[in-house]
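Here is a friendly note to read alongside the model. Please keep the 3D view open and find each place as we come to it.

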Amino acid sequence: MRIVLDTRSDSAGAQASIVGLAHRLREAGVDATLSDWERYERYDVAIFLGYDHELERARAANPAIRVGLSDPKQSRPEWIRAAREADFLLVSSVEQREAFLRLNRNIHVLYMFPVLPARERVHAEREPLVLGYHGNRVHLEAMRGTGVSEAIEELGRRRRVELVAVYDVAGKGRVTEGALPDPALVPTRHVQWSEAALAEMLAAADVGLVPN
């Protein structure tokens with residue numbers, strides 16, 4: 001089986017669900033090609049991002065090809081239509097799978113994470129205590145009102161704490177004012193997402209945050 005995985009994006013989602021997947025498929029011995037937008041007739045399967053795809057063009061070039069969409073979205077009519085028309089979907093969680101079952105019954109949960117070099121993390125007593133987050137702005141803003149921000153603020157009353165947030169600052173803008181912990185108690189450092197920035201944050205953080 002020959003698989004092609006295409007993306008024009010350098011976003012975190014693309015790095016995890018297209019580039020990272022291509023890397024892991026090749027490590028497993030699968031014939032997987034990254035970024036070939038022209039020769040669909042050579043492949044059995046094509047995988048695109050749910051919001052950046054050539055589903056129709058791939059099928060026109062190769063009627064036998066199976067097309068999968070990774071990290072599909074529902075915020076535009078054309079993205080919903082693509083999710084319906086795909087042969088299969090790759091999603092990042094059981095919850096996302098549940099949300100898309102009304103559109104497509106062939107859904108697989110893929111643990112989406114970028115491929116990063118291994119770095120040893122040696123924990124030591126220090127100040128400030130660094131809390132690390134990586135993801136998207138929406139999930140970071142969702143901390144407020146769940147008890148997470150409030151717990152961080154309480155920690156900030158007891159010792160020096162810094163929050164390092166790695167997300168797409170340039171593309172999506174900074175987090176809405178008031179969504180993060182009180183900066184007088186816990187200052188936040190906003191870092192533009194990149195693989196290098198993510199690796200650096202993971203190596204430096206004392207505690208990771210997963211607001212859910």
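1. Which residues lie nearest the centre of the largest pocket? Keep in mind that this is a predicted model. The residues to look for are Tyr133, His134, Gly135, Asn136 and His139. They belong to a lining of 40 residues.

2. Now see which elements contribute. Two or more lining residues each come from helix 1 (12-27), helix 4 (94-100), strand 7 (129-134), helix 5 (137-141), helix 8 (195-204) and strand 10 (207-208). Helix 5 gives the largest share, four residues.

3. How big is this pocket, and what is its lining like? The volume of the largest pocket is about 1700 Å³. Its lining holds 18 nonpolar, 13 polar and nine charged residues.

4. Next, please turn to the second largest pocket, with a volume of about 180 Å³. Its lining is made of Arg174, Val175, Thr176, Glu177, Gly178, Leu180, Pro181, Pro183, Thr188 and His190. Sorted by type, these are four nonpolar, four polar and two charged residues.

5. You can find Phe113 in the loop between strand 6 (107-109) and strand 7.

6. Why does Phe113 count as partly exposed? Its relative accessibility is 43%, and partly exposed covers the range between buried, under 20%, and exposed, over 50%. Phe113 therefore counts as partly exposed.

Note on methods
Residues are numbered from 1 along each chain as its sequence is written. This is a predicted model: local features need pLDDT of at least 70, side-chain atom pairs count only at pLDDT 80 or more; totals for chains, interfaces and linings use all residues. Side-chain values use heavy atoms; hydrogens and water are left out. On a 1 Å grid over the protein atoms alone, a cavity is a set of points where a 1.4 Å probe fits but cannot get out, and a pocket is an open set with protein on both sides within 12 Å along at least five of seven lines; lining residues have an atom within 4 Å of a point. Grid points are joined across faces, edges and corners, and a volume is the space filled by probe spheres set on the points. Ala, Val, Leu, Ile, Met, Phe, Trp, Tyr, Cys and Pro count as nonpolar, Asp, Glu, Lys and Arg as charged, and the others, Gly among them, as polar. Buried means under 20% relative accessible area, exposed over 50%, partly exposed in between (1.4 Å probe, protein chains only).
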